[in-house]
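Work through the exercises below with the model open. Each task is followed by its solution.

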Amino acid sequence: MKQVLFVGWVNQGKAPVDGETTKNQYIIAELKKYCKVTVLDFYEKRKHPWVYLQALWAVIIQSHATIVFSTSASNIYGVLKWFKKLKIHRNVVHWVIGGTLGDKVKNGVFNADVIGYAKHTLVESPLMLRQLEDCDVKGVIHVPNFKRIDYLPQISAPQNVLRFVFLSRIMAEKGCNEILAAAKLLNEWGLQKQYVVDFYGKVADDYKTTFEEGLSKLPNVKHQNFLDMRQKKGYDRLATYDMLLFPTYWKGEGFAGIFIDAFVSGLPMIITDWAHNSQFVKKGETGLFIPVHDAKALAYKMKDCIDGQYDIWKMKQYCQIEAKKYDVSRIVTEGLLKKIEIL
């Protein structure tokens, strides 16, 4: 059986805590169907710093194993530099997390020769694929984000009160200020009884005061704490909403896992035209776009939806059709593993 050294943020044996640990747990589960996998888990590495020694020992002992780095380039750039300097020839797969690698290579932050020392570089976005190929990085393959999709919740047409939802880490960079400001405008326009906004997710420590002050002035906007998307009931709950709000401008945004959750739950999105978002959300079918940092544009788009300017029911159906593309079993296939020389 082929051997794989898997390096990344995993939170092994526990529930995933973010998009990276979620994705990595899915990858490992698929790899274990075909390979013997040694997991080198760097999640909360300060609590178990001996993982560095374990990784070094594993690389030496398992000299023929494929090394899969599933993380952002900033976490492994130094390792790739040493591999190149020492002329270590291994089947190295860089399964890229996040959306900044293409820009960083293009702008000279990362050396293309170092990034290209990985034999295979798997990226979530067609745009990043083109960026890296334009910089002469070899072995780049487009592999979109994915989740295990074995359940589609029942969806229904919007009712009299339009239900908006935000599901992600609650912080300024995810556009939460813009959502609060847009809701304030809508309420000033007399629409308070025609919509609600619910937030799900952990509030960033440095954003808690701002967030709570914003909520205190908006009776139809609430924080509903946590939604467990590992359970069917999480998708059932999400499917009770009509639209997802995601006016992000977070610098690391790639193919956010929340897009797939929204597709599964039949939720079209109001989303910023930011980073790689337009690569995955189809304008007018699965989402509506607004400029970054524009609370007024968000408010107007929400108002258009409240006023029935868009066929949200049809968009909900489009979303669930789109979801089926991103089932992990359709993406992390035996064919892909052969292509990247794991099998």
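Buried means under 20% relative accessible area, exposed over 50%, and partly exposed in between (1.4 Å probe, protein chains only). The model is predicted: local features need pLDDT of at least 70, side-chain atom pairs count only at pLDDT 80 or more, and totals for chains, interfaces and linings use all residues. Residues are numbered from 1 along each chain as its sequence is written, and side-chain values use heavy atoms, with hydrogens and water left out.

**Exercise 1**

Solution. Step one: locate the residue. W274 sits in the loop between β11 (269-272) and α11 (277-280); helices (H or I, at least four residues) and strands (E, at least two) are DSSP runs, numbered from the N terminus.
Step two: apply the cut-offs.
Step three: list the contacts, meaning heavy atoms within 4.5 Å. Leaving aside neighbours within four places in sequence, W274 touches T248, Y249, W250, K251, E253 and V292.
Step four: take a C-alpha separation. W274 and P291 are 17 residues apart along the chain, and their C-alpha atoms are separated by 7.9 Å.

**Exercise 2**

Which geometry does the aromatic pair of W95 and F146 have, and which parts of the chain does the pair tie together?

Solution. Rings of Phe, Tyr and Trp (its six-membered ring) pair if their centres lie within 6.5 Å; planes under 30 degrees apart count as stacked, over 60 as edge-to-face and the rest as tilted.
Step two: compare the values. The centres of W95 and F146 are 6.4 Å apart with 70° between the planes, an edge-to-face pair.
W95 lies in strand β4 (residues 92-96) and F146 in the loop between β6 (140-142) and β7 (162-167), so the pair ties together parts that are 51 residues apart in sequence.
Step four: check burial. W95 is buried, with a relative accessible area of 1%, and F146 is buried, also with 1%.
The whole structure has 18 aromatic pairs. Ring pairs also link a cluster whose members include F166, F199, Y207 and Y326.

**Exercise 3**

Describe the chain as a whole: how many helices and strands does it have, and what percentage of its residues count as buried?

Solution. Step one: count the elements. The chain has 15 helices and 12 strands.
Step two: turn to burial. Of the 343 residues, 54% count as buried.
Step three: consider sequence separation. Among contacts between residues at least 6 apart in sequence, 73% join residues at least 24 apart.
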